[in-house]
Amino acid sequence: MRRVRQPLLAAGLATLATAATLGLAPGAAGAAGAAAPAPRISVNWFGTADVRAHTATIGGRYACGAERGLAYIEVHLGQRVRRDSVTGFGFGVIGACTDDRTAGTWTATIPADSGAFRGGPATATARLVVEPNSLTETTEPLRLIPRCPRR
């Protein structure tokens, strides 16, 4: 049998005791009671790029969880186009998280800071903000599809 170093064993036991005290141990969440659901946000796998307008439109889903208040989405979009990076920032307005409206879909049109978004891979960071003090963020890859203008 392999010998265990005493300081290492003591540190491991102290960490387990601290985790159990804080309720971080497996199964502790059920014992302490069910926590209120946290807000969630996701980004769709595909968006559109309008090269002529220098914009991209992306969307996704949100869930307010137990939070209530004025809510909106902040979106940062980045794309590598040839040797340059194209970035942009935009908002998706969803109104408010209320007892009647706890989840839904969002859409945001993001203007490019410089250059133009094109079809291809991109990365979006979306934040669900529920006033006054809730913030949930996700960073997800997506693919922008070129939007063909109608004549």
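Predicted model: local features only at pLDDT ≥ 70, side-chain atom pairs only at ≥ 80, totals over all residues.
Biologist: Which residues make the nonpolar surface patch?

Modeller: Trp45, Phe46 and Ile145 make this patch, and its area is about 380 Å².

Biologist: Where is Phe46 placed?

Modeller: Phe46 lies in strand E2, which covers residues 46-50.

Biologist: And how many bridges join E2 to E8?

Modeller: There are 4 bridges between E2 and E8, a strand of residues 134-146, and the two run parallel. Ile145, one of the patch residues, is the bridge partner of Thr48 in E8.

Biologist: What about E3: does E2 run parallel or antiparallel to that strand?

Modeller: E2 and E3 run antiparallel, joined by 3 bridges, with E3 spanning residues 55-63. Thr48 has a bridge partner in E3 as well, namely Thr57.

Biologist: Turning to the hairpin of E2 and E3, how many residues are between the strands?

Modeller: The hairpin has 4 residues between its strands. His54 takes a positive phi near 60° there.

Biologist: Now Thr55, please. Where is Thr55 placed, and is Thr55 buried or exposed?

Modeller: Thr55 belongs to strand E3. Thr55 counts as buried because its relative accessible area is 16%, and the cut-off for buried is under 20%.

Biologist: Which residues does Thr55 touch, not counting those up to four places away in sequence?

Modeller: Thr55 touches Thr48, Ala49 and Asp50, together with Thr109, Ile110, Pro111 and Phe117. Thr48, as noted, is paired with Ile145 in E8 and with Thr57 in E3.

Notes:
Residues numbered from 1 in each chain as written. Heavy atoms only, no water. Patch = residues over 30% accessible without salt bridge, like charges linked within 9 Å, V, L, I, M, F, W, Y side chains within 5 Å. Areas by Shrake-Rupley, 256 points an atom, 1.4 Å probe, with all protein chains shown as cover. Salt bridge = Lys/Arg side-chain N within 4 Å of Asp/Glu carboxyl O. Pairing = 2+ DSSP bridges. Buried < 20%, exposed > 50% of the residue type's maximum accessible area, 1.4 Å probe, protein only. Contact = heavy atoms within 4.5 Å.
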